[in-house]
Structure formats: structure tokens, C-alpha cells
Amino acid sequence: MIRNLLLLVLNDLAIAIKNKTVYLILFIPFFVFISLDFIDRPDVNAEKVRIGLIRNDTYAPVILQSVSAAEKFFTVTWLQNENEGKQLLKGKKIDGVLLGNNNQPGSLTLLVLKSDSFQTLAITESFSALQKAAEGGRDNWITGIEPLYAGGIQRQTLPTWILMIVLLVGFIILPAQVAEEKEKKLLLALLQTPISEVQWLIAKVLTGMILIVVAVSILHLLGGFGVENLLDYVAFIIVGGFCFSACGIFLGFLCRTQASARTLGVIVYLPHLLPSALSDFSQQLTAVAPLLPSYQFYEPLKSILLEDGMIANMPYDWVYLMLVGSLTFYLSQVLMKRRWLMK
């Protein structure tokens, strides 16, 4: 019995090595470690609170003196106006912007990305400690917190969940489906009929786009999430669906079996998901993520859902996605004509 069990286990391991599934055991922990290292990299400057101050705002002298004296704990960036501060906040260049309150001299309003983030907690605690050291038991300097991204945690995480759905369809489901049709010779049989290669490709892209739209719609219905600019939102989901569906078909043609397609899909899926989804927590990932198509989909999506953005204000992103989708669609058509890929 032990011998038979040993033979079966060795056979399963050999199959895993042959179909490349075992590669995931090496790739996933390594990639997750690299991603977390970007977030938690030990750095002296990372411990400092990065604060933006507006030049024309009125700040109490005691506040400016306290912040200047605590240079080991604060990095101050002087801003021309509030809009510049919002741009730096979105780019993860600063942690918060202090706005002077003309109605309450000596008090401040804190502008942050999210009111329930670690950065917001660090800023409020740091200024509370400064205030106690400078003035004793008086009221806190920060009397209000104004987040750029409004809504609860469910809505704030909605762009990440939608990104996961889109990438799941594009990089996991479609490549395995294409590889299955190749592996079982179904694609060759279809091409013997009046159906052309372009028609087959268009149908596959439309299938991916429909799956994405349906999955996103169900998510909105179940969560009760509304969208201010609905037409812009739907248009961008369609553009993203086209891009990642075409990418998924291309990945499917690079593989000979379903197992290898699933392995390659996961290997491509994680590098597209984690840097974009975790870019809010790391300045290093913010520098790397824009190189990926997923980031060009995720950031505008976040802008539309959380800031009532419009697709007309983000031409670079949707043109980029259309170009990537068109390129991978063309490459898929080229690979279809290579007979050896059908074997």
C-alpha cells in the first residue's frame, strides 16, 4: 500500500512538473515577497510624516514653530494652492495637507486621501503630541479631517475588486478556454467551416467582454453601489474588457494545454494585480505600476468611482488600453496562422 501511494504521489509530481503547474509554487511566494518588500522596505525617511502646507494660508505661529522644530518627524512641502496638494496626495508624494481655518484661528483642517488610513492616524497622533508639548491640555490643532475619497471602506475597495474580476476573466478564464480548444483540436475543426479566423477572434473578445460586464453588474447589484457618471463608467469597463480579453486570447495561443495556460495566466495575473492594487500603500510601487496596462485601467476606474471623474479627462489611459488590446488582437491573429501552434 505504501509503495502504491508513493508511486501515485511521484506520478502526480511528475505531471505537475511536465505541465508547469509546479512553477507556481516557486513563483507565487517569490513575487508576493518582492511586492511586500516594496511596501515594508525599512527606510529612515519612510518614518517621517510628509505634510503639505499652503503658502497663502494662515497658520498659527506656534504650529509652524512646532513643526519646524520636529524636523526629525516631519517633512514639510510648501504648496502654491490646495489643488497642488490634491495632486501630490494622489501621487503619494505627501501624506496630508494642512488647511488653515479662517473661522477658527489656530485650528487646522487635515486633507488626506482616506480618513481611515494609517497615514491619517499617524498625522493626527503626531500633531496631538506636538500640541500637548507646546500648549499643554488645550484643544487639538486639527479640528476636522477632509478625505479626497469619500464613502465607506466597501466603496473605497470597489475599484480593487473590479480590477480582480477583469483580470480574472482576461488572464485565467480566457487563456484556459483558448488552450482547451487548441488541445482538443476544436479550433482546427471550426476553421474548416466558413467561420474565418477574424470572426473567431472577435467572438472570443466579445465573450470576455460580456463576462466582465455581467460580473461587474452583479457586483454592483449585490453591493448597491451607484455611479455618478454611469455612461463614462460603462464605456471604460468596455475598453478595459476589450484590452484584457484580447490579452487573454494571446496568452492562450502561447500555450499548448489547459494546464500550462492556467499556469501562465496566474504568472501574468499577479504582477498585474498586486502592484496596481497596492500602489496606494507604497511610493515605490507607484513608480513601477504605471508601466502595466492594469494600472492604466485601475487609476481611471478609481477616479470615476470615487471622484466622479469623466473618461473625457483621461484620454491617455483609454487610448493606451485600446492600443494594447489591438496589438494583442493582431498578434493572436498572426499566431492562428502558424499551423504548429494548433498541434
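Me: Which helix is G240 in?
Reply: G240 sits in helix α10; helices here are DSSP runs of H or I with at least four residues, strands are runs of E with at least two, and both are numbered from the N terminus. This is a predicted model, where local features need pLDDT of at least 70 and side-chain atom pairs need 80 or more, while totals for chains, interfaces and linings use all residues. Residues are numbered from 1 along each chain as its sequence is written, and side-chain values use heavy atoms, leaving out hydrogens and water.

Me: Ok, is G240 buried or exposed?
Reply: G240 counts as buried because its relative accessibility is 0%. Buried means under 20% relative accessible area, with exposed over 50% and partly exposed in between, using a 1.4 Å probe and protein chains only.

Me: And what does G240 touch?
Reply: Ignoring neighbours within four places in sequence, G240 is in contact (heavy atoms within 4.5 Å) with V166, F297 and L321. There's also M209, 31 residues away along the chain, whose C-alpha atom is 8.5 Å from that of G240.

Me: How many of α10's residues are buried?
Reply: 19 of the 24, so α10 is largely enclosed by the rest of the structure. From its first C-alpha to its last, α10 reaches 35 Å, close to the 34 Å expected at 1.5 Å a residue; that expected span is 1.5 Å times one less than the number of residues.

Me: How do α7 and α10 cross?
Reply: Their axes cross at roughly 35° and come within 8 Å, with α7 covering residues 158-183 and α10 covering 230-253. Axes are lines fitted to C-alpha atoms over the stretch in contact, and angles between N-to-C directions run from 0 to 180 degrees. The crossing of α7 past α10 is right-handed, so the near helix is turned clockwise from the far one by less than a right angle.

Me: Which residues do the meeting there?
Reply: From α7 they include V166, F171 and L174, and from α10 they include I237, G240 and F244. The residues of that contact split into 15 nonpolar, 5 polar and 1 charged. Ala, Val, Leu, Ile, Met, Phe, Trp, Tyr, Cys and Pro count as nonpolar, Asp, Glu, Lys and Arg as charged, and the others, Gly among them, as polar.

Me: Switching topic: where is S294?
Reply: S294 is in helix α13, residues 293-307. S294 is buried, with a relative accessible area of 0%.

Me: What does S294 touch?
Reply: Not counting residues up to four places away in sequence, S294 touches L163, L167, F244, H272 and S276. A polar atom of the S294 side chain lies 2.6 Å from the backbone oxygen of H272.

Me: What about S303, which helix is that in?
Reply: S303 is found in α13. S303 is buried too, at 16% relative accessible area. Neighbours within four places aside, S303 is in contact with D308, G309 and M314. The C-alpha atoms of S303 and P159 are 9.2 Å apart, although 144 residues separate the two along the chain.

Me: How many residues of α13 are buried?
Reply: 14 of 15, which leaves α13 mostly covered. The end C-alpha atoms of α13 are 21 Å apart, in agreement with the 21 Å its 15 residues should span. After α13 comes D308, with a positive phi near 55°.

Me: And how many helices and strands in the whole protein?
Reply: There are 14 helices and 5 strands. Of the 343 residues, 44% are buried.

How values were computed:
A polar contact is a pair of N or O atoms within 3.5 Å; within protein, one must be able to donate a hydrogen and the other to accept it, and residues adjacent in sequence count only if both atoms are side-chain atoms.
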